[in-house]
Amino acid sequence: MDDSKQSVTDISKDSFDELKASLRGQLILPSDNGYDDARKIWNGMIDRRPKAIIRCAGVADVVRSVKFAEKYALAVAIRSGGHNVAGNGVCDGGIVMDLSRMKGIRADPCKTHCHS
């Protein structure tokens, strides 16, 4: 593992507080009210406990979440609707990036289809 990455056990409350302050969306930790509801998915047979759930409010939240996960070498699960039968929208000990509240989309068709 890269020396710049820290282990999961090195994640301090201050680190989570700093992440929370940088987000427009919501950071939910195991000690928070609502954590058990936030980690549930459609398939009730899946019972995984992520280290954090981030309800992203926009692209900047996604970027910050990915950088945080990389820094601490955390697995990342991406959830949109939470209906994947295999439970891929939640993970144990990692970060769940919940994108279900991101309803808008902006596309620049020239980035892929226009020639300069």
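A polar atom of the R39 side chain lies 3.1 Å from the backbone oxygen of R48. This and everything that follows is read from a predicted model. R39 belongs to helix 2, which spans residues 35–39, and with a relative accessibility of 10% R39 counts as buried. Leaving aside residues up to four places away in sequence, R39 touches D47, R48, R49, P50, I53, R79 and V90.

**Salt bridges**

Side chains of opposite charge can pair when their charged atoms come close. The count for this model comes to 6 salt bridges, and three of them are set out here, including the one made by R39.

| Pair | Closest N to O distance |
|---|---|
| D98 and R79 | 3.2 Å |
| R49 and D36 | 3.6 Å |

D36, R39, D47 and R49 are linked in a network of salt bridges. In the salt bridge between R49 and D36, R49 sits in the loop between helix 2 and strand 2 while D36 sits in helix 2, so the pair ties together parts that are 13 residues apart in sequence.

The salt bridge between D98 and R79 has its closest N and O atoms 3.2 Å apart; because D98 lies in strand 4 and R79 in strand 3, this pair ties together parts that are 19 residues apart in sequence. D98 counts as buried at 6% relative accessibility, and R79 counts as buried at 5%.

**Helix 3**

Helix 3 covers residues 59–71, and its 13 residues reach 18 Å from the first C-alpha to the last, close to the 18 Å expected at 1.5 Å a residue. Its buried residues are D61, S65, F68 and A69, and these fall within an arc of 95° when seen down the helix axis, so they line one face of helix 3. The cover over these buried residues includes helix 1 (13–22), strand 2 (52–55), strand 3 (76–79) and strand 4 (95–98), while V59 and K67, on the other side of helix 3, are exposed. Just after helix 3, A73 takes a positive phi of about 55°.

**The chain as a whole**

The chain has 4 helices and 4 strands, running α-β-α-β-α-β-β-α from the N terminus on. Of its 116 residues, 33% are buried, and the chain exposes about 7800 Å², of which carbon and sulfur atoms supply 51%. Among contacts between residues at least 6 apart in sequence, 65% join residues at least 24 apart.

Note on methods:
Residues are numbered from 1 along each chain as its sequence is written. This is a predicted model: local features need pLDDT of at least 70, side-chain atom pairs count only at pLDDT 80 or more; totals for chains, interfaces and linings use all residues. Side-chain values use heavy atoms; hydrogens and water are left out. Helices (H or I, at least four residues) and strands (E, at least two) are DSSP runs, numbered from the N terminus. Buried means under 20% relative accessible area, exposed over 50%, partly exposed in between (1.4 Å probe, protein chains only). A polar contact is a pair of N or O atoms within 3.5 Å; within protein, one must be able to donate a hydrogen and the other to accept it, and residues adjacent in sequence count only if both atoms are side-chain atoms. Contact means heavy atoms within 4.5 Å. The expected span of a helix is 1.5 Å times one less than its number of residues. The arc is that of the directions from the helix axis to the C-beta atoms. Accessible areas come from the Shrake-Rupley method with a 1.4 Å probe; for residues, only the protein chains shown count as cover. A salt bridge is a side-chain nitrogen of Lys or Arg within 4 Å of a carboxyl oxygen of Asp or Glu.
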